Structures are given as structure tokens and as C-alpha cells.
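Please read the following walk-through alongside the model. It goes from the overall surface to one pair of side chains.

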Amino acid sequence: MFFNGMVPMHAASQDDIISTICKKTRNPSFCFNVLNSAGTTDLKGLAIFTLNLAHDKAAQSRVLAQSLESNASDPKLMERYATCAKHFNNVVDDIVDGKNYLGKGDYNGVNTMASTAMTEAGNCLDSFIQPPKDSTALSGSGKVVEDICSIILVIANLLLGRA
């Protein structure tokens, strides 16, 4: 018997779970594409999948920022790329911490680390508000990290509701 009209998550279809998550994110269409490729609708499985994805994308962004820094001729851009490399290094560390919290069942810790990682990626992007602008793939990469972290936040909150 179900109480308060609530249906357990395992009784919901894949589309229902993904829709529930994605409509709460900052970029729902991106979320649908990501989660439809996850191969699972289990919330913990989706958390693992998105944490791994965020880790990989942040690591790629860090490498890109380091490469851009070493090739930049404009001192301001060089400094900004160096700062971004540090921010993305922090994102990688935050995501590792988030994975550890997930393994312990500490979904509030996952939420905190995803939020911190999202802020770090945003700080990199914010450094390019003033000229000279970043004309590379770094800003797009940073937005992808933020969007993945947004998905992780929603999943962590859903896991918190089930804990």
C-alpha cells in the first residue's frame, strides 16, 4: 500500500525518474542526454555515473587550461588560465570527495561537494567576464562541468529524501 500518493522509485519508469531529475536542473535538455546514456535509473547508479563524468570533464578542463596557459601570449589570459587550472584541480578533488561521501551513504556530503565543484567551475568562467575574453573551448567545458554538477545536486537531494 502506498501512502500520500507516493510511488516508490523502483516502480517508476526510466523516463519518469530522468524527468523528475532533469526538470530540476539548470539545463534539462543536457541532463536528458546525459542520463539517457547512463544505462541505469537507480539513483545511486546515476550518482556514480554523473560523478565519474564530472571528474573526467573537470580533469580534461584542467589539462586544457594548463595547455592554454602555456601557449598564451597575453599576460592577463595566462593568469586567468592558470587560475582556471587551479579551479578545475579543486573541482577534481571535490568530485573525488563526493565519490567518497557517496560510498559512505553521506548524501549531504555529496550535495556539498557538488555545490562546491559547481562554484569552482563558475569561478573560472567568471574570470573571463572582463576582456580579454576566452575564445577557446574552455568556457564551454566549464559550463558542461557546472551542468553535470547541477545534475549531481538533484540526485543527491533525491537520495537525501530516501535516506
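What does the accessible surface of the protein come to, and what percentage of it belongs to carbon and sulfur atoms? In this predicted model, the accessible surface is about 8,400 Å², and carbon and sulfur atoms hold 52% of that area. The protein has 163 residues, of which 43% count as buried.

The secondary structure is quickly listed. There are six helices and zero strands, so that, as DSSP runs numbered from the N terminus, the elements read α-α-α-α-α-α. Among contacts with a separation of 6 or more, 72% are between residues 24 or more positions apart.

Two of the helices can be taken as an example of the packing. Helix 3 covers residues 43-71, and helix 4 covers residues 75-104. Their axes come within 8 Å and cross at roughly 160°. Angles over 145 degrees count as roughly antiparallel, and helix 3 and helix 4 are therefore roughly antiparallel to each other. The crossing of helix 3 past helix 4 is left-handed.

A search of the whole structure returns one aromatic pair. The pair consists of Tyr81 and Phe128, with 5.5 Å from centre to centre and 40° between the planes, which is a tilted arrangement. Tyr81 sits in helix 4, whereas Phe128 lies in the loop between helix 5 (107-126) and helix 6 (138-162). The two residues are 47 residues apart, and the pair thus links distant parts of the chain.

Conventions
Residues numbered from 1 in each chain as written. Predicted model: local features only at pLDDT ≥ 70, side-chain atom pairs only at ≥ 80, totals over all residues. Heavy atoms only, no water. Phe/Tyr/Trp six-rings, centres within 6.5 Å; stacked < 30°, edge-to-face > 60°. Helix = DSSP H or I, 4+ residues; strand = E, 2+ residues; numbered from the N terminus. Buried < 20%, exposed > 50% of the residue type's maximum accessible area, 1.4 Å probe, protein only. Contact = heavy atoms within 4.5 Å. Areas by Shrake-Rupley, 256 points an atom, 1.4 Å probe, with all protein chains shown as cover. Axes fitted to C-alpha atoms, helices over the stretch in contact; angles between N-to-C directions. Parallel < 35°, antiparallel > 145°, perpendicular 65-115°, else oblique. Left-handed = near helix turned anticlockwise from the far one by under 90°.
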